[in-house]
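Here is a friendly walk through one protein chain, from its overall make-up to a few of its individual residues. Please keep the sequence and the 3D view open as you read.

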Amino acid sequence: MPRDRNTKKQRFAGGHQRGWLWGRHAVMEALEAAHWPVVELYLDGTLPEDALGRARALGEAQGALCEVVPDRRLFELAHTHEHQGYLARMGPFPYTPLEEALSGGDGVKRPAGDAPLYLMLDAVQDTFNFGAILRSAEAMGVWAVIVGKTNQACVNSLVARASSGAINRIPVAEVDDLPAVAAELASRGVLVAAADEKSGVGCAGPDFCGPTALVLGNEGRGISPELMARCAARVRIPMFGAIGSLNVAAAAAVLLYEIRRQRGGGPPD
């Protein structure tokens, strides 16, 4: 029976290359995490038999259409030679419901007794920045990342590759109203702190040992006035060079490390 074209279109992530995930690490991470649905899986027939069998078994367990094809077919589908014999067509990304994300999600590792740590992104539009931020967030034990629906880069294969697979390991919630979420977090005793290069307070100043939500803004305009008004603290990263600023992904890594430094303790077992 022929597939309904409209139904098929809805099953895939948007855009051509953005709907494809390629490379051994990226594809196997998605298959093993079994979080973001793999709809179609294409594998090079020259892969080692054990690697081919494992990838195929994981794909079939998710209900993916699995095919073993020659290298030229992989290039025809993905338009790249960097596939390493692994190519997956992804379905829409499953954002985590907000309340579930705030609980930290199942299987997220963090130090024992760690206070909640959230990351809020206000219209981060560059997919590589978004992915790099997710990678730092996962490494620094962030409980959940909360993004808005307006002017925010969506989760796609470019984000997944930049995150080095972290997108499959940390809850990401998409919400309609970031200022309202910030206000709700504050009502629950969470310190909502904005990254603001104009602040007179260095990032080592506030006490981040309690429940914290770090807010990062758009690459150009920063945090919206409505969301900034909901932030109880504003912090900057001390800068010593002539440039005077970091991009949002680098700033995220520095600020998250400062929060983790203050909290002390080692990584979870």
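## Ground rules

Throughout this report, a residue is called buried when its relative accessible area is under 20%, exposed when that area is over 50%, and partly exposed in between, using a 1.4 Å probe and protein chains only. The model is a predicted one, where local features need pLDDT of at least 70 and side-chain atom pairs count only at pLDDT 80 or more, while totals for chains, interfaces and linings use all residues. Residues are numbered from 1 along each chain as its sequence is written, and side-chain values use heavy atoms, with hydrogens and water left out.

## The chain as a whole

The chain has ten helices and ten strands. These elements are DSSP runs numbered from the N terminus: helices are H or I with at least four residues, and strands are E with at least two. Of the chain's 269 residues, 50% count as buried.

Among contacts between residues at least 6 apart in sequence, 83% join residues at least 24 apart.

## Helix α10

Helix α10 covers residues 248-263, which makes 16 residues. From its first C-alpha to its last, α10 reaches 23 Å, close to the 22 Å expected at 1.5 Å a residue; the expected span is 1.5 Å times one less than the number of residues. At the start of α10, a side-chain oxygen of Asn247 comes to within 3.1 Å of the backbone nitrogen of Ala249. Just after the helix, Gly264 takes a positive phi of about 65°.

Which elements do the buried residues of α10 pack against? They meet the strands β5 (117-121), β8 (191-195), β9 (212-216) and β10 (233-235), along with helix α6 (127-139). Among the buried residues of α10 are Val248, Ala252, Leu255 and Ile259, and the list also includes Glu258, Arg260, Gln262 and Arg263. On the α6 side, Ser136 lies in that helix and is buried at 18% relative accessibility. Not counting residues up to four places away in sequence, Ser136 touches Ala253 and Leu256.

## Salt bridges

The structure holds eleven salt bridges, a salt bridge being a side-chain nitrogen of Lys or Arg within 4 Å of a carboxyl oxygen of Asp or Glu. Asp114 sits in the loop between α5 (98-102) and β5, whereas Arg263 belongs to helix α10, 149 residues apart.

Arg169 and Glu29 form another salt bridge, at 2.5 Å from N to O. This pair also links distant parts of the chain, with Arg169 in the loop between α7 (157-162) and β7 (172-175) and Glu29 in helix α2 (residues 24-33), 140 residues apart. Arg169 is partly exposed at 40% relative accessibility, while Glu29 is buried at 13%.

The side chains of Glu184 and Arg188 meet at 2.8 Å, N to O. Glu184 is partly exposed at 36%, and so is Arg188 at 42%. Salt bridges with shared partners join Glu99, Glu184 and Arg188 into one network.

Met120, in strand β5, is buried at 0% relative accessibility. Leaving aside neighbours within four places in sequence, Met120 is in contact with Ile146, Leu178, Val181, Ala182, Leu185, Ala213, Leu214, Val215 and Leu216. Met120 and Ala144 are 24 residues apart in sequence and 8.6 Å apart in space, C-alpha to C-alpha.

Met239 is found in the loop between β10 and α10 and is partly exposed, at 34%. Together with Leu246 and Val254, Met239 forms a nonpolar patch on the surface, with about 220 Å² of accessible area in total. Patches are made of residues with over 30% relative accessible area and no salt bridge, joining like charges within 9 Å and nonpolar side chains (Val, Leu, Ile, Met, Phe, Trp, Tyr) within 5 Å.

Notes. Contact = heavy atoms within 4.5 Å. Polar contact = N/O pair within 3.5 Å; in protein donor to acceptor, adjacent residues only side chain to side chain. Areas by Shrake-Rupley, 256 points an atom, 1.4 Å probe, with all protein chains shown as cover.
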